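Dear colleague,

Please find below the structure that I am handing over to you.

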Amino acid sequence: MSFAGKVAIITGGSTGVGLGIARVLAARGAKVALAQLPHLLPQAEQAAAQLSGALAVSVDVRNPQAVERMVDTVAHSFGRVDFLVNNASLTGTHAIAPMLECAPGKVDEIVDVNLKGTFYCSQAVARRIVAAGGGGSIVHISSAGAFAAQELASVYCATKAAVVSLAQSMALELAPYGIRVNAVAPGDIHTKASASIAEEVKQEGGSGKYLRATPLGRRGTVDEVGHAVAFLLSDEASFITGVTLLVDGGLLAW
């Protein structure tokens, strides 16, 4: 599964799941662009320095003009864009928002990043790929929360369900251009943002009654999510589009 000569943009690519995805794609020969919020650009530059041929770029995915500039920068630097991984998301402790207390600003923040940001980035990259005429592949990072409710995360779960729907709708519209669109829905993955999420949900008033156990008996790793993304991006998945792949250790099997 070689990505030699391919260019991938990974939003939120310098931390957590995004960095795991970047490592996997870079190891397979892709040139990766780690897109991160402007104030996190130094962090992205440090991460990019550890990956062969990687580039750090700043973007606020909530801003469509900033997204267009970011995609232009990557295309100018690498000469092309083939893949997009929409990983940027408010998740973990940042997405805890009790429904009865969730302020409008918090609702907007989660929707703007998780849903609108995914759309804006997909639109900008798809336009670039269509103009180049060579086809490509897009993967959205959803969540097991798209399929099973999580306490204190109603807005978060709704946006992740929307991302699943986006993958289906975009797959239909972009198929004539040779662009495949899929999603990956991770379960309980160990990251800094989610390291103590169960305890923090309880501290915020959650009952803790509805936490699912992972049948494989452990938390997943960011690289395991990366391998699933790599498969969906690759030619080995050339007849797969509009689907969501669960990477959850069996979390939703019961």
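What percentage of the residues in the chain is buried? Of the 254 residues, 48% are buried. Please keep in mind throughout that this is a predicted model.

**Overall architecture**

The chain contains seven helices and seven strands. Their order along the sequence is β-α-β-α-β-α-β-α-β-α-β-α-α-β. The radius of gyration is 17 Å, close to the 18 Å that the globule rule gives for 254 residues, so the chain is as compact as a globular protein of that length. The C-alpha trace spans about 50 × 35 × 35 Å along its principal axes.

Contacts were also examined by their separation in sequence. Among those between residues at least 6 apart, 72% join residues at least 24 apart.

**Surface and charge**

The chain exposes about 11,800 Å², and carbon and sulfur atoms supply 55% of this area. As to charge, there are 19 positive and 20 negative side chains. The centres of these two sets lie 4 Å apart.

**Aromatic pairs**

How many aromatic pairs does a search of the whole structure find? The search finds two.

F3 is buried, with a relative accessible area of 2%. F83 is buried as well, with a relative accessible area of 5%.

The pair of F119 and Y120 is also edge-to-face, with 6.4 Å from centre to centre and 75° between the planes. F119 has a relative accessible area of 36% and is partly exposed. Y120 likewise counts as partly exposed, at 21% relative accessibility, where the cut-off for a buried residue is under 20%.

**Individual residues**

Is S137 buried or exposed? S137 has a relative accessible area of 1%, so it is buried. Leaving aside residues up to four places away in sequence, S137 touches D82, F83, L84, I179, R180, L232 and L233.

L152 lies in the loop between β5 (136-141) and α5 (154-174). Although L152 is not a glycine, it has a positive phi of about 60°. L152 has a relative accessible area of 18%. Because a residue counts as buried under 20%, L152 is buried.

D235 is located in the loop between α7 (222-233) and β7 (244-247). At 70% relative accessibility, D235 counts as exposed, since the cut-off for that class is over 50%. From C-alpha to C-alpha, D235 and R69 are 28 Å apart in space, and 166 residues separate them in sequence.

**In brief**

The chain has seven helices and seven strands, and 48% of its residues are buried.

Yours sincerely

Definitions and conventions: Residues are numbered from 1 along each chain as its sequence is written. This is a predicted model: local features need pLDDT of at least 70, side-chain atom pairs count only at pLDDT 80 or more; totals for chains, interfaces and linings use all residues. Side-chain values use heavy atoms; hydrogens and water are left out. Helices (H or I, at least four residues) and strands (E, at least two) are DSSP runs, numbered from the N terminus. The radius of gyration is taken over C-alpha atoms; the globule rule is 2.2 Å times the number of residues to the power 0.38. Buried means under 20% relative accessible area, exposed over 50%, partly exposed in between (1.4 Å probe, protein chains only). Contact means heavy atoms within 4.5 Å. Accessible areas come from the Shrake-Rupley method with a 1.4 Å probe; for residues, only the protein chains shown count as cover. Lys and Arg count as positive and Asp and Glu as negative; His and the chain ends are not counted. The place of a charge is taken as NZ of Lys, CZ of Arg, CG of Asp or CD of Glu. Rings of Phe, Tyr and Trp (its six-membered ring) pair if their centres lie within 6.5 Å; planes under 30 degrees apart count as stacked, over 60 as edge-to-face and the rest as tilted.
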